[in-house]
Amino acid sequence: MFALASVWRIARPTFHRLAVPPPVPLQQCWDMAGLASVADVEIDPDGVFKYILVRLSRKGGPEHKDIVRGTKSAEYHNHIFEKLNSEMEKLELECKCLGGGKIDHNSKQKKIRVFGLSTGFGKADHSISVEKLKTVYKDYEITWSDDTK
């Protein structure tokens, strides 16, 4: 790492004239690589179920990523969070739940509706959740509301 810094100090004026950006610090590469390995969205293929919006980050790192998780198998929102948190700890990632709600997923009609809130975590910003869902379900009609049902 020291050698790279020395080379950069010497070569910086030349690279600056050529508009070459400085090298990305190794820690930042590690942060982004760990986060990139986690899917943005994992939800059940059909039905009405609870979901959470979670912010992932590398412990002590500045990079973060928001993800959506939802399943019919969870009786409460915290069940989704507890399962996810234990999986992310193995990857040395920290989880912060930004809120929750419900998802009504109809794969036959290619429609997803995001609504409601979590009693324990509060209401997620459904507009962020919908943007994440749109990256995976590109040919779906995806809407959100503050309705509770």
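This is a predicted model: local features need pLDDT of at least 70, side-chain atom pairs count only at pLDDT 80 or more; totals for chains, interfaces and linings use all residues.
Residues are numbered from 1 along each chain as its sequence is written, and side-chain values use heavy atoms, with hydrogens and water left out.

Let me begin with the layout. The protein has four helices and six strands, where helices (H or I, at least four residues) and strands (E, at least two) are DSSP runs numbered from the N terminus. Read from that end, the order of the elements is α-α-β-β-β-α-β-β-α-β.

The protein has 149 residues, and 36% of them count as buried; buried here means under 20% relative accessible area, exposed means over 50%, and partly exposed is what lies in between, with a 1.4 Å probe and protein chains only. As for the surface, the protein exposes about 9200 Å², of which carbon and sulfur atoms supply 57%; these areas come from the Shrake-Rupley method with a 1.4 Å probe, and for residues only the protein chains shown count as cover. If we take the contacts (heavy atoms within 4.5 Å) with a separation of 6 or more, 65% of them are between residues 24 or more positions apart.

Now to the pockets. Rolling a probe the size of a water molecule over the atoms shows where empty space is left. In this analysis, which uses a 1 Å grid over the protein atoms alone, a pocket is an open set of points where a 1.4 Å probe fits, with protein on both sides within 12 Å along at least five of seven lines, and lining residues have an atom within 4 Å of a point. Points are joined across faces, edges and corners, and a volume is the space filled by probe spheres set on them.

The largest pocket holds about 230 Å³ of space. Its lining has 13 residues, and those nearest the centre are Glu42, Arg69, Thr71, Ile80 and Lys83. Two or more lining residues come from each of β1 (41-43), β3 (64-71) and α3 (77-90), and α3 gives the most, with five residues. Sorted by class, this lining has four nonpolar, four polar and five charged residues; Ala, Val, Leu, Ile, Met, Phe, Trp, Tyr, Cys and Pro count as nonpolar, Asp, Glu, Lys and Arg as charged, and the others, Gly among them, as polar.

The second largest pocket has about 200 Å³ of space. Among the residues that line this pocket are Lys50, Tyr76, His77, Lys102, Phe121 and Thr148, and by class the lining has three nonpolar, seven polar and two charged residues.

Is His126 buried or exposed? At 0% relative accessibility, His126 counts as buried. Leaving aside neighbours within four places in sequence, His126 is in contact with residues that include Tyr51, Gly100, Val114, Phe115, Trp144 and Asp146.

Gly34, in helix α2 (residues 26-36), is also buried, with a relative accessible area of 12%. Not counting residues up to four places away, Gly34 touches Arg58 and Leu93; Leu93 is 59 residues from Gly34 in sequence, yet the two C-alpha atoms are 7.8 Å apart in space. On helix α3 we have Glu89, which is partly exposed at 46% relative accessibility, and whose C-alpha is 9.7 Å from that of Lys59, 30 residues away in sequence.

Two loop residues deserve a word on their backbone. Most residues other than glycine have a negative phi. Glu92, however, has a positive phi of about 60°; this residue sits in the loop between α3 and β4 (93-106) and is partly exposed, at 47%. Lys110 has a positive phi of about 55°, and its place is in the loop between β4 and β5 (111-115), where it is partly exposed at 36% relative accessibility.

Finally, the aromatic rings. The structure holds two aromatic pairs. In one of them, the ring centres of Tyr137 and Tyr140 are 4.9 Å apart with planes at 65°, so this pair is edge-to-face; rings of Phe, Tyr and Trp (its six-membered ring) pair if their centres lie within 6.5 Å, and planes under 30 degrees apart count as stacked, over 60 as edge-to-face and the rest as tilted. Tyr137 is buried, with a relative accessible area of 16%, and Tyr140 counts as buried at 16%.
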